[in-house]
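Biologist: I would like to learn how to read a model of this kind with some care. Could we go through it one feature at a time?

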Amino acid sequence: MKMKKVLFVMLFSSVFLLAACSPQAQATEVVSEDAKEPESSEEMVEDEGEQMLDEGGDEMMDEEDDMADSEMTEDEMMDQQITFVIRVENASPEGGLTVLAPGAYELNDRPIAFFTPGEADRGLGLEALAEDGDPSVLVGTIGEMMGDETMSSFAVEAFNTPLGADAPGPAGPGAAYEFTVAAYPGQYLTLATMFVQSNDWFFAPGADGIELFGADGSPISGDLTDQFFLWNAGTELDQTPGEGADQAPRQAGPNTGDDEDGIVSLVEDFTNYQILVTITPQS
Ligand SMILES: [Ca+2]
Ligand SMILES: [Ca+2]
């Protein structure tokens, strides 16, 4: 935890310094350059021996100095942090076909995409989310990919308990999942949740996710539904929605069904679903 805190202070201090005198897009670049630095330093040490160790030490001292110089900017950076409430609601009428499953969300400067439209499933865990409503594999894999770069303003988590329920489970008509994220200007949110009455369909925005702040730095607010689509993961052959024996409510066990060997693509020939996604910044 201590190392993460140090990274947090270093990265956001330098982001703020840059943001104070240059456009937001450049601030995002600096985050990724800084975030890569520890890895490349280690590689250099391994490759080039003891001399590099000395230089690495100097570098660390420089970074500590930077931290001391910029404690105020971290406070100011904290002022820019906004907490958002995200609500993922099953908006279908009672008896409707739409059921949502526990899903996953990711907050990041530049999202690690859960999938790439037009390409085969990336194998990060989307298959279990889309076929069985199990977000845990995807959350674990993305978390590992973030690795030591994970900071308090980056997050990958499951949302799994509908409002008013006391245990994780699906969200039927009228039910909703809610979660909060604390984000800085420049950050993106993505999420995915299974369309339960299918073999491998899920709701998600495009691979780039949703930018949480406008060009002027103000937080977005309101209905995000038009940024969400119903996707086919391409991992299990499709049966008639609500009827297939290999679909989650009826299958014998997880990961049951014929392989599709397909690509992640939009579901275009089925519109009998309703979902409502809203975002509310907290003052
Ligand atoms: Ca499919
Ligand atoms: Ca299945």
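Biologist: Does Gly103 count as buried or exposed?

Modeller: This is a predicted model, and burial in it is judged by counting C-beta atoms around a residue, with 20 or more within 10 Å as the cut-off for buried. Gly103 has 27 C-beta neighbours inside 10 Å, and therefore counts as buried. Gly103 belongs to strand β2, which covers residues 103–108.

Biologist: Which residues is Gly103 in contact with, beyond its neighbours within four places in sequence?

Modeller: Gly103 is in contact with Leu129, Pro135, Phe159, Leu191, Ala192, Thr193 and Met194. For Met194, the separation from Gly103 is 91 residues in sequence, yet the C-alpha to C-alpha distance is 6.9 Å. For the chain as a whole, 73% of the contacts with a separation of 6 or more are between residues 24 or more positions apart.

Biologist: Which residues have the most contacts inside the largest nonpolar core?

Modeller: In soluble globular proteins, nonpolar side chains tend to be buried together. Here the largest nonpolar core has 46 residues, and those with the most contacts inside it are Ala104, Phe114, Leu126, Leu129, Leu138, Ala192 and Phe202. Leu129 touches Ala104, Leu138, Ala192 and Phe202, among others, when residues up to four places away in sequence are not counted.

Biologist: What is the order of the strands in the open sheet of four strands?

Modeller: The order is β4-β1-β11-β8, and the pairing is antiparallel. The edge strands, β4 (176–183) and β8 (222–223), each pair on one side only. Strand β1 (residues 82–90) is joined to strand β11 (residues 275–281) by seven bridges in the antiparallel sense, and one bridge partner to note is Ile275 in β11, which faces Asn90.

Biologist: Where does Asn255 lie, and where is the place of Asp261?

Modeller: Asn255 lies in the loop between β9 (229–232) and β10 (265–266), and Asp261 is also placed in the loop between β9 and β10. Asn255 is not a glycine but has a positive phi of about 60°, while phi of Asp261, likewise a residue other than glycine, is positive and near 50°. Asn255 counts as partly exposed because it has 13 C-beta neighbours inside 10 Å, whereas Asp261, with 11 other C-beta atoms within 10 Å, is exposed.

Biologist: Over which residues does pLDDT stay under 50?

Modeller: Where pLDDT is low, the predicted coordinates should not be read in detail. In this chain pLDDT stays under 50 over residues 1–72, although the mean for the chain is 80 and 71% of its residues reach 70 or more.

Terms used
Residues are numbered from 1 along each chain as its sequence is written. Chains are lettered from A and ligands numbered from 1 in the order in which they are written. A nonpolar core is a set of buried Ala, Val, Leu, Ile, Met, Phe, Trp, Tyr and Cys residues joined through C-beta atoms within 7 Å. A residue is buried if 20 or more other C-beta atoms lie within 10 Å of its own, exposed if 12 or fewer, and partly exposed in between; C-beta atoms are placed from the backbone. Two residues are in contact if their C-beta atoms, placed from the backbone, lie within 7 Å. pLDDT is the predictor's confidence in each residue, from 0 to 100. Two strands pair if DSSP finds at least two bridges between them. Helices (H or I, at least four residues) and strands (E, at least two) are DSSP runs, numbered from the N terminus.
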